[in-house]
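Work through the exercises below with the structure open beside you. Try each task before reading its solution.

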Amino acid sequence: MRESHVVTSWPSVPVEIVRAAGLYPLIIRGAARPTPAADVLLEPGIFPSRLRQLVEDALTGRLAHAARVVIPRTSDADYKCFLYLREFVRRGVTTAFAPVVLFDLLQSRGPDVPAYDLARVHALLGELSSVSGRTPTADDLRGEISRANTARAVARRLAELRRPVPRVSGAEVLPLLAAFWEMEPDRYVETATEAARRITARPRLAGPRVLLAGAPVDGHSLHEAIESHGAVVVAEVGPWGSGAAGDDVRIDDDPVAALADKYRADSIGARTPVDSLRRLLQTMLDEVDAVVVSLPPDDAVFGWDCPALRDVLQARRLPHVCLREDPYETPTPADHAALDAMVTAASRMQEARHG
Amino acid sequence: MADRQLEATRAASAFQKQWFADLRRRVFDDRQPYALIQADVPFELFDLVDIPAVSNQWWAAIVAAKRQAPNFLDAMDADGLHRDLCRYCSLGYASTRYAAAGDAPWGGLPTPRLLCARLTCDCIHRVFELWADRFGAELFEIDHPGAGDLPPRWWDLGRYRWRELVEPHRLAFVVSTLERLVSRLEAISGRAFDRDALRQRLELVNQQEEVFDAVRGLIATAPECPVRMTEQITNVMATQWVRGSQWALAHARAFHDEVKRRVDDGVAACPGERARLMWIGAGLWHDTGFYTAFEPSHRAVFVWSMYLAFGPDGYIRYGLDDPMAALASRTASFNEYLHNPPWAAEWSVHQARQHRIDGALVLRPRSMKPAATGRLFIERALEDAGIPVLPIEADVVDARGWDADGARASVRSFLETRVLR
């Protein structure tokens, strides 16, 4: 951890702002690593693995030297995590901890929301500039947006190699796509371009193509579990894989407004309006043979979409399975059996379609 | 429901039933609009343009109290909605979506003209979208800007210095959203919204909550608790849903006077009281008998719940020169008051001390994730203040996993080993 790191809990804090202020984004993700200090202070079944990891890091001094810890308003659990962290500091539970900031970007559709969000992005920019001592101009911001857009274009090209028939496994490509958020854009362009060149030369992968839906996953363990049954994960609903790049940020007179609009519209999480998610899902279903819905124990949101999703999948005759375990836990034998049955059914249908 | 000791309780129950019958008549016979809203939405705005509003949480409590929740919740499970999803805020939806599965109280909810929710927790957006879809009705969302600054003793600041309680950008956002809501309500009702009437209504709300404050003071200071917690809740809830109305103020006063008479006459809810208990969390609507179960055996009385105490501390706003801003300041931070650190823990300890509490039972809700947060802070703060705590794991509307005998045995053991030592 360096003093120039801005630690966040989800990729819904504009990385362009962080970089323009002369800092580096670091996003804490879920892991199988135990979190004994956090487990004492966090209620079970509410906070996803990534937030438990973040709190563990906070309580054990690993975030002491970060420039700021910025918690976005991506979910209620994130917001509660922000309030908890403040309280841990106030009560002296942890002392070696960087200042924590709430980035309250709202995602609802009210006409008052864009102005509110714009002010929040300005506030974040001011906060980070005060830390680094570097106040970026509009041109600096446009430059960062342009660099990130170039990286987005490469990430999109990489994602294209998963469709309509994949040349790369989901477990392999997810880290490459996810690196968009933290790697310096120029270096990302270089790395991802080289990866894309190598992947393009590979043969196409056999096996049913799987969409990973439900609560967005931020790691590739679940991909590995699914792919161990002979399927290939070709898309995810979430910001780490297929959704990492998204559309470009517009470059115009007001770069801060452009970033506020982009992150409000494109950030995928628990507060993303359901119709946006449904539209996104519909576009993905045309090129998959099966769907895995991940609903970990902390899910309070995505489970509500299940009956409607099930109806859509049944109408399309797409085999699907719903997994209730934490994606960082080893899948249960029952989960493996369900995955196996899904892959078998999808393979049969794939064969029937292609003779 | 436990046996009732107050005449006011009977009047409150009768009022609610009649109110709902009138609502159905207005909707079905007179084709008038009504709104279905979350409990933390400002009801006053609806009432001032003559659109009656039904609280989702009130309806869920009624469904659970009528022992219909398991039927609707079984139907939710069967439809693939996993059991970790919030049941309290969705039971009303289930009674609509799976209407054939049970027998909804009093003929069930008619189709509302509008649904309205504050987007506090993540699930409520989904539940209200599904519900609005099912009814084919409009949904108005009030987004919930997050608090970055939570000054101490919110219950003091809220009365006179409420502008300091909510950061200016949050207050401005909520005001502007409420103004939009008013425009929408005016369009639906065809009535003009009167700002002077809002000020007058909020003044009446203040008066009503001052009466509840006085009742709270009576309960806190009387030698023995004069009114059971369950009856406090019935009287407060019936009143709060129509707060600031003439009936509400009159009923609050009648409730106060009856409680005061009991105090003056030395009448206790449980004569020979030995232990004063507080209940932290939403009410256990499917087993309200739980709250009186320890009176005969241990003379242990539930004295406090948030329902009465939150009225005066959460609602009173003095200085109504800008009534919409005052209303917004109340609306903006409901969840932070009740569930989040540091506010919820600080208030719980303050209330426990004021009420001479001997032991606290803290709800660990099974499926309500937002309400489940912050409880460890509350439990620790109470224990640090010398008040023994017993966590109770339960769902407030879902009786299916509730071990009534086991929970009562835990409380008896808690009373014997930690409270009445």
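Helices (H or I, at least four residues) and strands (E, at least two) are DSSP runs, numbered from the N terminus. The model is predicted.

**Exercise 1. Find where A:Arg317 lies and describe its backbone.**

Step 1. Locate the residue. A:Arg317 sits in the loop between α12 and β8 of chain A.
Step 2. Check phi. A:Arg317 is not a glycine, yet its phi is positive, about 55 degrees.
Step 3. Helix α12 (residues 306–315) of chain A lies across β5, β7 and β8 of chain A. Helix α12 runs at about 170 degrees to β7(A).

**Exercise 2. Give the strand order of the open sheet in chain A that contains β8, and name its edge strands.**

Step 1. Read the order. The four strands run β6-β5-β7-β8 (chain A), with parallel pairing.
Step 2. Pick out the edges. β6 (232–236) and β8 (320–323) of chain A each pair on one side only.
Step 3. From one strand to the next it averages 25 degrees.
Step 4. Inspect one pair. Strand β5 (residues 209–214) and strand β7 (residues 290–294) of chain A pair in the parallel sense over five bridges. Take A:Val210 as an example: its bridge partner in β7(A) is A:Ala290.

**Exercise 3. Work out how helices α6 and α7 of chain A are oriented to each other, and which residues make the contact.**

Step 1. Take the axes. Those of α6 (residues 138–160) and α7 (residues 170–178) of chain A come within 10 Å and cross at roughly 170 degrees.
Step 2. Classify the angle. Angles over 145 degrees count as roughly antiparallel. Therefore α6(A) is roughly antiparallel to α7(A).
Step 3. List the contact. α6(A) contributes A:Ala155, A:Leu158 and A:Ala159, while α7(A) contributes A:Val173, A:Leu176 and A:Leu177.
Step 4. Sort by class. The contact has six nonpolar residues, with no polar and no charged ones.
Step 5. Examine the connection. A:Pro164 is in the loop between α6 and α7 of chain A. A cis peptide bond joins A:Arg163 to A:Pro164, with omega about -5 degrees.

**Exercise 4. Describe how the two domains of chain A meet.**

Step 1. Domain 1 of chain A covers 5–132 and domain 2 covers 138–354.
Step 2. The C-alpha centres of the two domains of chain A lie 24 Å apart.
Step 3. Count the contact. Domain 1 of chain A gives 35 residues and domain 2 of chain A gives 29 residues.
Step 4. Name the elements on the domain 1 side. α1 (15–20), β2 (24–27), α3 (49–59), α4 (76–90) and α5 (113–132) of chain A each supply at least two residues. The largest share, six residues, comes from α5(A).
Step 5. Sort that side by class. It has 20 nonpolar, eight polar and seven charged residues.

**Exercise 5. Describe the open sheet of chain B that contains β4, and the helices packed on it.**

Step 1. Read the order. Four strands lie in the order β2-β1-β3-β4 (chain B), with parallel pairing.
Step 2. Find the edges. β2 (53–55) and β4 (138–143) of chain B each pair on one side only.
Step 3. The average is 25 degrees from one strand to the next.
Step 4. Inspect one pair. Strand β3 (residues 114–119) of chain B and β4(B) pair in the parallel sense over six bridges. B:Leu119 stands opposite B:Asp143 in β4(B).
Step 5. Helix α3 (residues 56–65) of chain B touches β1 (35–37) and β2 of chain B, making about 55 degrees with β2(B). Helix α6 (residues 122–135) of chain B touches β3 and β4 of chain B, making about 170 degrees with β3(B).

**Exercise 6. Which elements of chain B touch chain A, and which gives the most?**

Step 1. Count. 34 residues of chain B are in contact with 36 residues of chain A.
Step 2. Name the elements. α6, β4, α9 (168–189), α18 (369–372) and α19 (375–384) of chain B give two or more residues to the side that touches chain A.
Step 3. Find the main contributor. α6(B) gives the most, with six residues.
Step 4. Sort by class. The chain B side divides into 16 nonpolar, nine polar and nine charged residues.
Step 5. Check the confidence. The predictor gives the complex an ipTM of 0.94 and a pTM of 0.96.

Technical notes. Residues numbered from 1 in each chain as written. Chains lettered and ligands numbered in written order. Predicted model: local features only at pLDDT ≥ 70, side-chain atom pairs only at ≥ 80, totals over all residues. Pairing = 2+ DSSP bridges. Axes fitted to C-alpha atoms, helices over the stretch in contact; angles between N-to-C directions. Contact = placed C-beta atoms within 7 Å. Parallel < 35°, antiparallel > 145°, perpendicular 65-115°, else oblique. Nonpolar A, V, L, I, M, F, W, Y, C, P; charged D, E, K, R; others polar. Domains from an automatic or database assignment.
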